[in-house]
Amino acid sequence: MSIWAVAFVAGWFLIGLPTDPLYAFAWLWAATIAWRSDRPWRTHLGFARDWLPVVVLLALYNLSRGFADNGATPHAMELIVADRWMFGWAMDGQVPTIWLQQHLYDPDAIHWWDVGVSWVYFSHFVVTLTAAVVLWLRERARWAAFMRRWGFLCASGLVTYFIYPAAPPWWAAQYGMLEEVARISTRGWREFGMHGAGNLLNAGQIASNPVAAMPSLHTAWALFVVVFFLGVTRRRWWPLLLCYPLAMTFTLVYAGEHYVIDVLVGWAYVGLTFLVVGLAERWWAARKARRRPTGPEPATAGSEPVDPPPAPVGAQRSGPDETDQEPGPGSEPDRELTHRR
């Protein structure tokens, strides 16, 4: 694991943070090999077997998202109106992105919250996959349940991108619908001299199509991971866990990546995901139970013996029963033997 950590930091500075699905998959696979280096290779190949379809689907998701606009003008004004209606009364009639950048953004200086924003934004590409890898290592059934929900959430978001292509605040500012908005999600790394850390992320932002704002899957993923593990976490830790999706919300709105309405719809998609997939799993379990054979179950240790059904009249006995046993004291053959004696 030490060798892996050194290699990861070197790749971090030279190539960039692993935000590409295939690049991230390579690092995660290497981490599982380093963590269980005493296992045979067939165990490590099992990771590729289970994860390769997931990585391929995630790569197709990233590629297909760029075609979601279909040449149409993306929706923007209704999102601006929604944010102004919700928060304009407290922000001088501005959308939250404009108000936050007016009060916190300094183009000539990088503050501590800019550094935090860059790290929280990057965590979107790592936290969900890392949680899935830990589940795969510890409990594969839970990993499968996690991936079913995550896949449904991504598919729902992708379908929405095609049905309702929407542009983020920085795009609306470029076309005069908003005041100037800076896209500042990666500038915090410069404070540590990590100028190459965001190379892959910046390239991906340039290549991607800017119509995947509704819903915000960044905050949806953050809330999804937290909700999935709430059931196995003590309640006193819940407020701390819920700080993560809230921090992601602040990051995306402040950095000009999403409106608040995008975030709220993303949260609604998380609730829909757990509802639909949960119902589907219960339906599938009930269907499997109905298809099981209905014959008598084999007896188990400690269970009550089951009496055999009565034989038909005139049927030949195939084994000894009560009448085949030796006569006991007081029976008719016993009295006859006593009389002879």
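Modeller: Packing of H7 and H8

Helix H7 (residues 127–138) packs with helix H8 (residues 140–163) at an angle of about 150°, their axes lying 6 Å apart; helices here are DSSP runs of H or I with at least four residues, numbered from the N terminus, and axes are lines fitted to C-alpha atoms over the stretch in contact, with angles from 0 to 180 degrees between N-to-C directions. H7 is therefore roughly antiparallel to H8, a term used for angles over 145 degrees. This is a predicted model, in which local features need pLDDT of at least 70 and side-chain atom pairs count only at pLDDT 80 or more, while totals for chains, interfaces and linings use all residues. Residues are numbered from 1 along each chain as its sequence is written, and side-chain values use heavy atoms, leaving out hydrogens and water.

In the contact (heavy atoms within 4.5 Å), Thr128, Leu129, Ala131, Ala132, Leu135, Trp136 and Arg138 of H7 meet Arg140, Arg142, Trp143, Phe146, Met147 and Trp150 of H8. The 12 residues of H7 should span 16 Å at 1.5 Å a residue, and the end C-alpha atoms are 17 Å apart, which agrees.

Confidence is highest in helix H12 (residues 238–254), at a mean of 94, and lowest in helix H10 (residues 199–207), at 47.

How values were computed: Helix = DSSP H or I, 4+ residues; strand = E, 2+ residues; numbered from the N terminus. Parallel < 35°, antiparallel > 145°, perpendicular 65-115°, else oblique. pLDDT = per-residue confidence, 0-100. Expected span 1.5 Å × (residues − 1).
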